[in-house]
Amino acid sequence: MLYNEISSNKAKSVFLFILFLMLIGVIGFVVNMLFFQGYVFIIFAAIIAIIFSLISYYSGDKIVLAMSHAREANKKEHTFLINAVEGLAIAAGIPKPKIYVIPGAQINAFACGRSPKTASVAVTEGALEKLDRQELEGVIAHELSHIKNYDIRVMMLASVLVGIIVFVSEILLRSFLWGGIKTNEDSKGMNIIFIVIGVVLLILAPIIAQMIKFAISRKREYLADASGALITRNPHGLANALRKIKNDVSGLKVASNSTAHLYISSPFKKKQWLATLFSTHPLLEDRIQKLERM
Amino acid sequence: MKFMAPLTIVLIILGLIALYIIFAYNSLIRLKLRIDNAWSQIDVQLKRRYDLIPNLIETVKGYVKHEKKVLTEITNARAQLVSGSMKEKAKASDQLTSALKSLFAVAENYPNLKANENFKMLQEELAGTESKIAYSRQFYNDNVMNFNTAIQTFPKSIIASAFSFKEKEFFKAEGKEKENIKVNFD
């Protein structure tokens, strides 16, 4: 069962990659048709896209960790965290991932990397302070299941995809809104390009969001909860941790729209429209109930 | 078009059977290798604990003069870990676990010992190693169970007996391992 999950995740990664290239292709094509002659722009866009996706595939984990201001855990300060991750990695049958700590009082955690060999787990300072040992083990086991199932690869690619869409459409919308008043001749052409790309992205964004939701189905979280519980042989640890997360009111500054779905539970407490559109987390109550029923 | 000759059909079926045998054999070998790998994980952790204990005894000795019994228990159990069958090793490991537990319980009565930095570090380290031993055991036994199930279920059971795959032993002293929890995916 688990091995099917792994191959399906590998296939989904390829699918996301193709989707990403197609998106760049469509934008490049539209811009090319409207403003340029020949195929210079589309080739340029494709090269940039390929370079960008290779970078994100091979160092997406480092980018995400840097974005979250994560620092590597050290044996002296985080003895229990390191021991727990090492032990649970043995139980899950994966190599020991790199371990990071994220600043912030919110209880949260995520895993990233492109394969179990290159994976990292990161937990917030809040999680280390507010969770007891069994709860922390539950959270870590959940993250290790994401690593074992290759969820991290799909989620990382999705993260890059969402990140680019959100980033480009926000920039374009802003430059359209702020730049709309100026009407000198030089900026006019550029403005039209921005507007066109912005409109194309606005049309595409919900479609892409839908496809990403399909890839990162909510089932994935339930599955990680279940296989996490299988690793610790203790569903209550994670259930209690999720309950604490539910009642936790701290925010997490280092999370952004593009990294939100990596976390064990949504790092945003206030709903933003983009976050809701891309929301991939099932309700915590559901997850707690499912764990309690095991 | 002429129908395929019966010989061709027979050859195709034989070919498919041969393919299946290769596939099944390889998957059994893979499961077996996983068990070996899991065993080495247990071994690493047992060794780690084995190496930590002399340090612990050295640190504790000066403080708990009246608790010689616990210390001898630990030393004896440690010595038994070195050789013996899997069952004996599992038994020695369990004894060591409980002897260490009683030592740490006894240590509660010695505030000076409890305050010792070295002791604190060793205690955390040994607790971590204990849980790693438990987890590596769990991983090992899970793999043994997968393998044993595979060689007992049809049709792999035929291939298993043809190539004389033997059931593997669980790593446990006696009685039952912790029960597997039930998992519901819907």
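Modeller: One bit of bookkeeping before the tour: helices and strands are DSSP runs numbered from the N terminus, where a helix (H or I) needs at least four residues and a strand (E) at least two. With that in hand, Ala73(A) sits in the loop that links strand S1 (71-72) to H3 of chain A. Keep in mind that this is a predicted model.

With a relative accessibility of 14%, Ala73(A) counts as buried. Beyond its neighbours within four places in sequence, Ala73(A) is in contact with a set that includes Leu81(A), Ile82(A) and Tyr100(A). The Tyr100(A) pairing spans 27 residues of sequence, yet the C-alpha atoms of Ala73(A) and Tyr100(A) are 5.0 Å apart.

Now to the interface itself. On one side 26 residues of chain A make contact, and on the other 19 residues of chain B. Together the two chains bury about 2,000 Å², with 58% of that on carbon and sulfur atoms. On the chain A side, Asn83(A), Ile90(A) and Arg233(A) lose the most area to chain B, and the three together account for 36% of what that side buries.

As for specific pairings, three salt bridges cross the interface by the rule, and five residue pairs are in polar contact across it, both partners at pLDDT 80 or more. On the chain A side, helix H3 (79-92), helix H5 (133-148) and helix H8 (219-232) each supply at least two of the residues that touch chain B. H3(A) gives the largest share, nine residues. Sorted by class, that side of chain A has 14 nonpolar, five polar and seven charged residues.

Zoom in on Arg233(A), which is found in the loop between H8 and helix H9 (235-247) of chain A. Its side chain forms a salt bridge with Asp142(B), at 2.8 Å from N to O. The side chain of Arg233(A) also reaches the backbone oxygen of Leu230(A), at 2.6 Å. Arg233(A) is buried, its relative accessible area being 14%.

From the chain B side, the residue to look at is Lys132(B), placed in helix H5 (residues 117-152) of chain B. Setting aside residues up to four places away in sequence, Lys132(B) touches Asn83(A), Glu86(A), Gly87(A), Ile90(A) and Gln45(B). At 7% relative accessibility Lys132(B) counts as buried, the cut-off being under 20%.

Glu86(A) also has a partner within chain A: Lys96(A) forms a salt bridge with Glu86(A), with the closest N and O atoms 3.7 Å apart. Lys96(A) lies in the loop between H3 and strand S2 (98-102) of chain A while Glu86(A) is in helix H3, so the pair ties together parts that are 10 residues apart in sequence. Glu86(A) counts as buried at 18% relative accessibility, whereas Lys96(A), at 49%, counts as partly exposed.

Chain A has another salt bridge worth a glance, between the side chains of Glu135(A) and Lys244(A), at 2.8 Å from N to O. Here Glu135(A) is in helix H5 and Lys244(A) in helix H9 of chain A, so the parts being tied together are 109 residues apart in sequence. Glu135(A) counts as buried at 6% relative accessibility; Lys244(A) is partly exposed at 31%.

Back in helix H5 of chain B, Lys120(B) and Glu117(B) are three residues apart, which is a separation of about one helical turn. They form a salt bridge, with the closest N and O atoms 3.4 Å apart. Lys120(B) is partly exposed, at a relative accessible area of 40%, and Glu117(B) is exposed, at 57%. Elsewhere, salt bridges that share partners join Glu86(A), Lys96(A) and Lys132(B) into one network. Over all chains, the whole structure has 20 salt bridges.

Last, the build of chain B. It has six helices and zero strands. Its radius of gyration is 25 Å, well over the 16 Å that the globule rule gives for 186 residues, so chain B is more spread out than a compact globule. Its C-alpha atoms fill a box of roughly 95 × 40 × 25 Å along the principal axes, and 35% of its 186 residues count as buried. Of the contacts in chain B between residues at least 6 apart in sequence, 76% join residues at least 24 apart.

Key
Residues are numbered from 1 along each chain as its sequence is written. Chains are lettered from A and ligands numbered from 1 in the order in which they are written. This is a predicted model: local features need pLDDT of at least 70, side-chain atom pairs count only at pLDDT 80 or more; totals for chains, interfaces and linings use all residues. Side-chain values use heavy atoms; hydrogens and water are left out. Contact means heavy atoms within 4.5 Å. Buried area is the accessible area (1.4 Å probe) that two parts lose on being put together, summed over both. A salt bridge is a side-chain nitrogen of Lys or Arg within 4 Å of a carboxyl oxygen of Asp or Glu. A polar contact is a pair of N or O atoms within 3.5 Å; within protein, one must be able to donate a hydrogen and the other to accept it, and residues adjacent in sequence count only if both atoms are side-chain atoms. Ala, Val, Leu, Ile, Met, Phe, Trp, Tyr, Cys and Pro count as nonpolar, Asp, Glu, Lys and Arg as charged, and the others, Gly among them, as polar. The radius of gyration is taken over C-alpha atoms; the globule rule is 2.2 Å times the number of residues to the power 0.38. Buried means under 20% relative accessible area, exposed over 50%, partly exposed in between (1.4 Å probe, protein chains only).
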